[in-house]
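User: I am new to reading protein structures. Could you take me through this one, feature by feature?

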Amino acid sequence: HDNENKKEHVIHMAICSPVFTEDWKAKVVPELDALVTSCVAIPCSFTYPKDNLPSSKLRGIWHLSDPPTSLVYHEDQTRVLDNFKGRTRLLGTLGQNNCTLEMTEVKDHDSGPFCFRIELAKTNEPTRDKFSFVEDCVTLKMLHEPPTPTLTKPDTATVGRSYTVTCSVKHTCSSHQPTLTWSRSTDVDVKSYREIHSGNWEVQSTLTFTPEEKDDHEDITCTATFNGMKTSTAKFTLFSFLYYRIHTSAYRCTQNFNHIIIPTAVGIGITVIFGVVCIFMLKKYK
Ligand SMILES: *[C@@H]1O[C@H](CO)[C@@H](O)[C@H](O)[C@H]1NC(C)=O
């Protein structure tokens, strides 16, 4: 019986062991947009056989694919190419298998490809006993103009009823999200952030207000300000659809009608009172 238990245990170990002995693998998003003057955060992860390797011996390096000796990121800044000095840092923690790279003040020739390499420093001597493992690369697609925000709004706006517009804009720098501002800055404004897919993010702002009659034909703008200060704007005119016009003019019509009814009623009232007084006087002096 004891033997059988042991056998089961062995089988169990055999099934589970691949989980513990992971391969050396680096995974970098293959392509990502980058806004010139702004920043970009390149998602990157890797796996390695954890069982007998302390993460303190790991060294994450980013380099150009050609030549691979040109370093874009290294913990020792003196080894980094002058062009990238002070502009790159690891956002991820190597101990958590995260090699996400941030590049700031993006220049239009920073397209890469950039490759991540994980090294294992066996000793403290920097030049000896260093093992290089698989690598993976990313190509940046340079954007000279920032993406324009997208506005989503209901088809109808009614005077006196709550109205909600959302403004969203895409970006690729999760460490410095763009800010969204509205022309109606006094209204309620709720912001949210989400990752659409690897490295591509969307910031959203929701504006809620109650339109008044005076807001008809008002231009409402949403401005996105990106890290590095580039901006883009989306605009729309409130009540610009036919339905709005009908609705607003119907509203105005009632108003105008009231403006006629009230003086008319007052006029009729005065006439009646005047008539009554006249009849009364006539009867009294007859
Ligand atoms: C890697 O690190 C970045 C920056 O801290 C973080 O945003 C991202 O979620 C991390 N990725 C994973 C897979 O944990």
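User: Which polar contact joins the side chains of Asp216 and His217?

Analyst: First, what you are looking at: this is a predicted model, where local features need pLDDT of at least 70 and side-chain atom pairs count only at pLDDT 80 or more, while totals for chains, interfaces and linings use all residues. Residues are numbered from 1 along each chain as its sequence is written, and side-chain values use heavy atoms, with hydrogens and water left out. Now the general idea. A polar contact is a pair of N or O atoms within 3.5 Å; within protein, one must be able to donate a hydrogen and the other to accept it, and residues adjacent in sequence count only if both atoms are side-chain atoms. Here the side chains of Asp216 and His217 are joined by a polar contact of 3.2 Å.

User: Where is Asp216, and is Asp216 buried or exposed?

Analyst: Buried means under 20% relative accessible area, exposed over 50%, and partly exposed in between, with a 1.4 Å probe and protein chains only. Asp216 sits in the loop between β15 (200–209) and β16 (219–225). Its relative accessible area is 15%, so Asp216 is buried. His217 lies in that loop between β15 and β16 too. At 42%, His217 counts as partly exposed.

User: What is phi of His217 near?

Analyst: Most residues other than glycine have a negative phi, and most peptide bonds are trans. Phi of His217 is near 65°, a positive value in a residue other than glycine. Asn97 also has a positive phi, near 60°. Asn97 is in the loop between β7 (88–90) and β8.

User: Which peptide bonds are cis?

Analyst: The bond from Asp66 to Pro67 is cis, with omega near -5°. The bond from Gly112 to Pro113 is cis as well, with omega near -5°. Pro67 is in the loop between β5 and β6 (71–73). Pro113 is in the loop between β8 (101–103) and β9.

User: How many helices and strands does the protein have?

Analyst: Helices (H or I, at least four residues) and strands (E, at least two) are DSSP runs, numbered from the N terminus. The protein has two helices and 17 strands. Arg59, for one, is found in strand β5 (residues 58–64). Its side chain makes a polar contact of 3.0 Å with the side chain of Glu75.

User: Which residues touch the most other members of the largest nonpolar core?

Analyst: Nonpolar side chains tend to be buried together in soluble globular proteins. A nonpolar core is a set of buried Ala, Val, Leu, Ile, Met, Phe, Trp, Tyr and Cys residues joined through side-chain atoms within 4.5 Å. The largest core has 32 residues, and Ile42, Phe46, Trp62, Phe114, Phe116, Val138 and Leu140 touch the most other members. Strand β9 (residues 114–121) gives the largest share of this core, four residues.

User: Which residues are around the ligand?

Analyst: A residue is near a molecule or strand if one of its heavy atoms lies within 4 Å of it. Around the ligand are Leu91, Gly92, Asn98 and Thr100. A polar side-chain atom of Asn98 lies 2.4 Å from an oxygen atom of the ligand. A backbone N or O atom of Leu91 lies 3.4 Å from an oxygen atom of the ligand.
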